[in-house]
Amino acid sequence: MEINLQNLIDDARCYKAVRDLRWPEKTYCPHCCSDNVIRRGKDETEIHKQRYECKRCCKRFDDLTNTVFSGHHQPLKTWIIFLYFMGLNLSTNQIAQELNLDKDDSHYMASILRSGVVEKKPDVKLSGEVECDEVYVVAGHKGNPSAVKKKDV
């Protein structure tokens, strides 16, 4: 008997998880950061996606606005399962097979998720004593030894 993992994941819980991670205390506007926000009903196509309106800047947004999940044709639960599989170190081809996705879509989704992680990664700040070593980079000159030679100054 084969179990389809997507049937075990609940859409409502996926949206609740995104809301809880994104706004643990109070919902705020992704455009102006105001917390003067009101709910504006559910999305017509995704019944568990909450819509909002900011009373300060008057812009509308939803649970996924300005996230890596926004603006894609795959449902949120597919993205969540995909992210879970990436955490298990499955290849994008294996994930495509498991989720019945096109391999190109799978590679695209992986690059979107990876870029989202990189964007949220805080800048490195060095402090205290920092040590550096010399590095000579000669990569990329294969077949062109004259490019590697030291230049006379």
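First, the basis of what I shall say. This is a predicted model, in which local features need pLDDT of at least 70 and side-chain atom pairs count only at pLDDT 80 or more, while totals for chains, interfaces and linings use all residues. Residues are numbered from 1 along each chain as its sequence is written, and side-chain values use heavy atoms, with hydrogens and water left out.

Let me turn to the salt bridges. By this term I mean a side-chain nitrogen of Lys or Arg within 4 Å of a carboxyl oxygen of Asp or Glu. How many salt bridges does the structure hold? There are 7 salt bridges in the structure.

One of them joins the side chains of Asp20 and Lys16, at 2.7 Å from N to O. Both residues belong to helix 2 (residues 11–22), where they stand 4 residues apart, about one turn of the helix. Helices here are DSSP runs of H or I with at least four residues, and strands are runs of E with at least two, numbered from the N terminus. Asp20 is partly exposed, because its relative accessibility is 41%; Lys16 is partly exposed as well, at 46%. For these words the cut-offs are as follows: buried means under 20% relative accessible area, exposed means over 50%, and partly exposed lies in between, with a 1.4 Å probe and protein chains only.

A salt bridge also links the side chains of Asp35 and Lys26, at 3.7 Å from N to O. Here Asp35 is partly exposed, with a relative accessible area of 43%, and Lys26 is exposed, at 52%.

Lys49 and Asp62 form a further salt bridge through their side chains, at 3.9 Å from N to O. Lys49 sits in the loop between strand 1 (37–42) and strand 2, and Asp62 in strand 3 (residues 60–62), so the pair ties together parts that are 13 residues apart in sequence. Both Lys49 and Asp62 are buried.

Next comes Gln50, a residue of strand 2 (residues 50–54). Is Gln50 buried or exposed? Gln50 counts as buried, because its relative accessibility is 6%. Its side chain makes a polar contact with the side chain of Lys42, at 3.5 Å. Leaving aside residues up to four places away in sequence, Gln50 touches several others, including Arg19, Phe61 and Asp63; contact means heavy atoms within 4.5 Å. A polar contact is a pair of N or O atoms within 3.5 Å; within protein, one must be able to donate a hydrogen and the other to accept it, and residues adjacent in sequence count only if both atoms are side-chain atoms.

I come now to helix 4 (residues 92–99), in which Thr92, Ile95, Ala96 and Leu99 are buried. They lie on the same side of helix 4, because they cover an arc of only 105° around the axis; the arc is that of the directions from the helix axis to the C-beta atoms. The face turned away from that buried side carries the exposed residues Gln97 and Glu98.

Finally, the backbone angles. Just after helix 4, Asn100 takes a positive phi of about 55°. Asn89, in the loop between helix 3 and helix 4, has a positive phi of about 70° although it is not a glycine. The surface patch, about 330 Å² and nonpolar, is made by Val124, Leu126 and Val130; such patches join nonpolar side chains within 5 Å, from residues with over 30% relative accessible area and no salt bridge.

How values were computed: Patches are made of residues with over 30% relative accessible area and no salt bridge: like charges are joined within 9 Å, nonpolar side chains (Val, Leu, Ile, Met, Phe, Trp, Tyr) within 5 Å. Accessible areas come from the Shrake-Rupley method with a 1.4 Å probe; for residues, only the protein chains shown count as cover.
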